[in-house]
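Please view the sequence and the model together.

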Amino acid sequence: MLRPVSGKPSDRRDVYRMVARIAKAAGIPRHISPHSLRHAAITNALDAGVPLRDAQILPRHADPRTTEHYDRARGNLDRHGVPFLTAYVAGV
């Protein structure tokens with residue numbers, strides 16, 4: 001577990017500051033928070049082909065609709081179900 005300079009267990013503010021400091025050191029110009037990383041992890045898992053039910057375990061969501069909400073690429077037509085269904089029906 002990462003610990004702040006004080007050596008005490010991290011709280012929300014410590015984690016927020018760590019993420020902001022790392023993002024700044026990496027030269028990322030936009031605001032990055034721990035929640036941004038949560039969104040990115042879910043989006044990347046789904047982009048990598050991880051089934052929604054399995055991606056749901058990562059953030060411990062009880063409802064798959066919550067996980068879908070976190071998916072930043074959900075509007076990407078390349079991931080729409082119709083091409084997959086068409087290929088299946090066509091026997092491709």
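How many helices and how many strands are there in the protein chain?

## Overall fold

The model is predicted. Its protein chain holds five helices and zero strands, giving the pattern α-α-α-α-α along the sequence. Among contacts between residues at least 6 apart in sequence, 31% join residues at least 24 apart.

## Burial and surface

Of the 92 residues in the protein chain, 23% are buried. The chain exposes about 7,400 Å², and carbon and sulfur atoms supply 60% of this area.

A nonpolar patch on the surface is formed by Leu85, Tyr88 and Val89, which together have about 400 Å² of accessible area. Val89 belongs to helix α5 (residues 81-90). With a relative accessible area of 65%, Val89 is exposed, because the cut-off for that class is over 50%.

## Salt bridges

Side chains of opposite charge can pair when their charged atoms come close. Three salt bridges are found in the whole structure.

One of them links Arg17 with Asp14, with the closest N and O atoms 2.9 Å apart. Both residues lie in helix α1 (residues 12-25), three residues apart, which is about one turn of the helix. Asp14 is buried at 14% relative accessible area, whereas Arg17 is partly exposed at 46%. Another joins Asp11 and Arg13 at 3.1 Å, N to O; here Asp11 is partly exposed at 30% and Arg13 is exposed at 56%. Arg65 and Asp63 also form a salt bridge, their closest N and O atoms being 2.7 Å apart. Arg65 is exposed, at 60%, and Asp63 is partly exposed, at 25%.

Notes
Residues are numbered from 1 along each chain as its sequence is written. This is a predicted model: local features need pLDDT of at least 70, side-chain atom pairs count only at pLDDT 80 or more; totals for chains, interfaces and linings use all residues. Side-chain values use heavy atoms; hydrogens and water are left out. Helices (H or I, at least four residues) and strands (E, at least two) are DSSP runs, numbered from the N terminus. Buried means under 20% relative accessible area, exposed over 50%, partly exposed in between (1.4 Å probe, protein chains only). Contact means heavy atoms within 4.5 Å. Accessible areas come from the Shrake-Rupley method with a 1.4 Å probe; for residues, only the protein chains shown count as cover. Patches are made of residues with over 30% relative accessible area and no salt bridge: like charges are joined within 9 Å, nonpolar side chains (Val, Leu, Ile, Met, Phe, Trp, Tyr) within 5 Å. A salt bridge is a side-chain nitrogen of Lys or Arg within 4 Å of a carboxyl oxygen of Asp or Glu.
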